[in-house]
Amino acid sequence: HFVGYSAPRTGHDRSPSWIPVRHLYQYFVRPWREVINNGKPMTIMESYTEYDGVPNIANRNSLETLLRQDLGFNGVLVTDYQEIENLVGFHKVATDNKEAVKLTLTETSVDMSMIPFDQEGWMNGVVASLN
């Protein structure tokens, strides 16, 4: 689970991680750098966490800048379970599923949604994000 999933603020699963940027790079990014450089993973799953108050699933700094550009990951990036839909009900940063899909596709480099809310809703969100 990329990145900071092991440090939830509440100690519970699916809780935001409030990690200062310096701590993020000092403690959490270093192991990922080693894995990506030496292990060459073909897929990585983003996590339910929020990094700097922004849900990971909609965080350009985390998934595009850090993971893809800085760490050089070029494999398949998959969402955590229903995480795009969670932008509406859990993270509360999107008003509906179409906006959640658009936010994810325009802000990140996600390749695959694990368990989209429904096939028709997903496709409508993709089409809406193109317009």
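Predicted model: local features only at pLDDT ≥ 70, side-chain atom pairs only at ≥ 80, totals over all residues.
Leucine 63 is buried, with a relative accessible area of 0%.

Where does leucine 63 sit? It is part of helix α2. Leaving out residues up to four places away in sequence, leucine 63 touches Phe2, Glu46, Asn56, Ile57, Arg68, Leu77, Thr108, Ser109 and Val110. Valine 93 is 30 residues from leucine 63 in sequence, and their C-alpha atoms are 17 Å apart in space.

One of the residues that leucine 63 touches is Phe2, so let me move there next.

The structure holds 1 aromatic pair. In that pair, the ring centres of phenylalanine 2 and tryptophan 32 are 5.0 Å apart and the ring planes are at 80°, so the pair is edge-to-face. The cut-off behind that word is an angle over 60 degrees.

The peptide bond that runs from phenylalanine 2 to valine 3 is cis, and its omega is near -10°. Valine 3 is also in the segment before α1. For background, most peptide bonds are trans, and most residues other than glycine have a negative phi.

Lysine 40 is not a glycine, yet it has a positive phi of about 50°. Lysine 40 is in the loop between α1 and β1, the latter being residues 43–45. With 58% relative accessibility, lysine 40 counts as exposed. Lysine 92 also has a positive phi, near 60°, in a residue other than glycine. Its place is the loop between α3, residues 86–89, and α4. Lysine 92 is exposed as well, at a relative accessible area of 63%.

Now the helices. Two packed helices are described by the angle between their axes and by the distance between the axes.

Take α1, residues 21–39, and α2, residues 60–70. Their axes come within 11 Å and cross at roughly 45°. That makes α1 oblique to α2. The crossing in which α1 passes α2 is right-handed. Which residues meet there? From α1 they are Leu24, Tyr25, Val29, Arg33 and Ile36, and from α2 they are Leu66, Leu67 and Asp70. Sorted by class, this contact has 6 nonpolar residues, 2 charged residues and no polar ones.

The next pair is α4, residues 97–107, and α5, residues 119–130. These helices pack at an angle of about 60°, and their axes are 8 Å apart. They are therefore oblique to each other. Here too the hand is given: α4 passes α5 in a right-handed crossing. On the α4 side, the contact is made by Lys98, Val101, Lys102 and Leu105. On the α5 side, it is made by Trp122, Asn124, Gly125, Val126, Ala128 and Ser129. By class, the contact of α4 with α5 has 5 nonpolar, 3 polar and 2 charged residues.

Two residues remain on my list. Asparagine 38 is in helix α1. Is asparagine 38 buried or exposed? At 58% relative accessibility, it counts as exposed. Aspartate 96 is 58 residues from asparagine 38 along the chain, and 40 Å separates their C-alpha atoms.

Glycine 75 is in the loop between α2 and β4, the strand at 76–78. Its relative accessibility is 16%, so glycine 75 counts as buried; the cut-off is under 20%. Isoleucine 44 is 31 residues away from glycine 75 in sequence and 7.4 Å away in space, C-alpha to C-alpha. What does glycine 75 contact, apart from its neighbours within four places in sequence? The residues are Met42, Arg68 and Asp111.

Definitions and conventions
Residues numbered from 1 in each chain as written. Heavy atoms only, no water. Axes fitted to C-alpha atoms, helices over the stretch in contact; angles between N-to-C directions. Helix = DSSP H or I, 4+ residues; strand = E, 2+ residues; numbered from the N terminus. Parallel < 35°, antiparallel > 145°, perpendicular 65-115°, else oblique. Left-handed = near helix turned anticlockwise from the far one by under 90°. Contact = heavy atoms within 4.5 Å. Nonpolar A, V, L, I, M, F, W, Y, C, P; charged D, E, K, R; others polar. Phe/Tyr/Trp six-rings, centres within 6.5 Å; stacked < 30°, edge-to-face > 60°. Buried < 20%, exposed > 50% of the residue type's maximum accessible area, 1.4 Å probe, protein only.
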